[in-house]
Amino acid sequence: MFRFKTLAVALAAVLGAGIFTVPSSATTEIVVWADETRGPNIREALKAKTNWVQGYTVTVRAFANFDALKDAIDKATATTGPDIVVGANDWVPTLAKNGKLAPLTLTAAQRARFSPSQFYDLSYKRKLYGIPVDVNNVAMIYNTRLVTTAPKTFGEMVDYYKANKTSKSLKAGLCVAGGGMSWGAHSVASALGADAYFFNSNGTINTGRVFNPTTFGNNVKTYLLDGNKSNGFFPATDAGCKDNFLAGTVPFAVIGNWEWTDYTAKGFTMNLMPVPGVNATSPGKAFGSVSGAMLTSFAKTRGLEAAAKSLLVNFFGSTEGQVAYQKIEKRPPAEKGAANDASVAAGQKGFGAAAAAASVPQVGAVLNGPSGKSYWDSLPAYWTAVLVDGKDATVEARKLAAIYRANLALAKGDL
């Protein structure tokens with residue numbers, strides 16, 4: 001009884017003074033989930049300014065790796081999940097279908113801070129589910145100690161490799177150091193004629209068109225094979241690529257925008273560029289996707305939807321917030337003001353320029369096909385079949401095109 005009387009007196013004093021306070025039992029903690037690098041870096045950026053959302057604290061949970069984060073959000077519930085998850089754009093279709101993401105509406109001014117294709121990456125059935133945080137892409141660099149000028153065509157690179165393979169003890173000509181043999185290697189496949197999909201003039205995916213398997217197969221035979229065997233220019237695996245490039249035994253490498261400081265630390269120039277195409281006017285397109293800070297449906301359940309939206313716009317979606325974060329994370333900022341900020345390093349800007357020159361949005365609804373038949377499974381399988389097992393490049397290209405066509409058909413309802 002004494003406690004109730006004390007509470008009543010305190011409450012009367014507060015109301016009499018005209019002061020409104022948030023009850024101590026109310027949730028004022030916005031929870032953000034991220035991976036092992038973004039998590040600590042977001043946390044560090046938030047330390048410099050604590051009032052991104054007045055009256056609320058932000059707790060950032062970092063998971064052991066990207067896969068662990070994905071597994072956690074897949075299993076999350078309203079009682080265990082975060083208010084915001086920072087992850088890959090191709091998570092959006094599945095998480096939106098499963099009701100774990102909540103749509104986000106931005107003003108025209110807020111949308112103008114980003115390019116339309118970045119919103120495409122984070123949308124499902126024409127609803128937006130997050131804020132673009134950083135450009136997630138790869139680009140090609142060349143070793144200026146071996147090659148003095150930027151190659152204009154794919155053939156130029158192959159000719160250099162063949163002419164210098166023995167004298168310079170080259171282990172490969174072009175290899176994938178960042179992103180793996182599906183995501184990272186898309187620009188190589190595209191340079192030779194095998195894009196994952198094509199867009200209509202209105203910005204929608206052309207679900208009735210796939211690459212020409214004969215053209216792609218013939219290009220692979222011309223540039224990557226000696227008879228029915230690999231000529232050594234392009235390995236079917238990314239194993240050893242980074243070490244070999246840094247050691248000077250590979251002249252050209254596709255690297256990820258999360259690792260560029262590893263190369264500058266060794267004295268390499270960030271002469272970032274798209275992989276040259278068979279024709280000088282048609283470079284290979286890398287996936288120029290974005291990672292996003294996505295609003296979850298759990299935020300509303302916890303009474304934090306408005307606060308979480310404020311953090312998304314004020315921190316993740318602002319020039320100030322992205323500059324503060326990317327100063328630590330060192331990826332290319334997605335927000336236009338941050339991308340052009342003087343504090344952004346040349347390496348970050350170089351990746352942004354490469355993405356602007358030749359990139360394609362990463363559309364999970366098309367790429368995430370059935371197990372064993374997805375884009376992620378089928379492109380690496382092609383490299384192995386042709387470059388390791390010696391199978392016919394055109395025959396295998398027809399199989400690859402058939403898989404792409406089937407996945408486009410499956411994705412029609414989700415685009």
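A charge sits over a ring if NZ of Lys or CZ of Arg is within 6 Å of the ring centre and within 35 degrees of the ring normal. The model is predicted: local features need pLDDT of at least 70, side-chain atom pairs count only at pLDDT 80 or more, and totals for chains, interfaces and linings use all residues. Residues are numbered from 1 along each chain as its sequence is written, and side-chain values use heavy atoms, without hydrogens and water.

**View 1. Charges over rings: Arg209 with Phe198, Lys49 with Trp52.** Arg209 places its charged end over the ring of Phe198, 3.7 Å from the centre. Lys49 lies over the face of Trp52, 4.3 Å from the ring centre.

**View 2. Tyr120 and Phe199 form an edge-to-face pair.** The whole structure holds 23 aromatic pairs (Phe, Tyr or six-membered Trp rings with centres within 6.5 Å; planes under 30 degrees apart are stacked, over 60 edge-to-face, the rest tilted). In the Tyr120–Phe199 pair, the centres are 6.0 Å apart and the planes 70° apart. Tyr120 belongs to helix α6 (residues 116-121), Phe199 to the loop between α9 (186-191) and α10 (213-224), 79 residues apart. Helices (H or I, at least four residues) are DSSP runs, numbered from the N terminus. Tyr120 is partly exposed, at 29% relative accessible area. Phe199 is partly exposed, also with 29%.

**View 3. Phe211 and Tyr404 form an edge-to-face pair.** Their centres lie 5.6 Å apart, with 75° between the planes. The pair joins the α9–α10 loop, which holds Phe211, to Tyr404 in helix α20 (residues 393-411), 193 residues away.

**View 4. One aromatic cluster includes Phe211 and Tyr404.**

Terms used: Helix = DSSP H or I, 4+ residues; strand = E, 2+ residues; numbered from the N terminus. Buried < 20%, exposed > 50% of the residue type's maximum accessible area, 1.4 Å probe, protein only.
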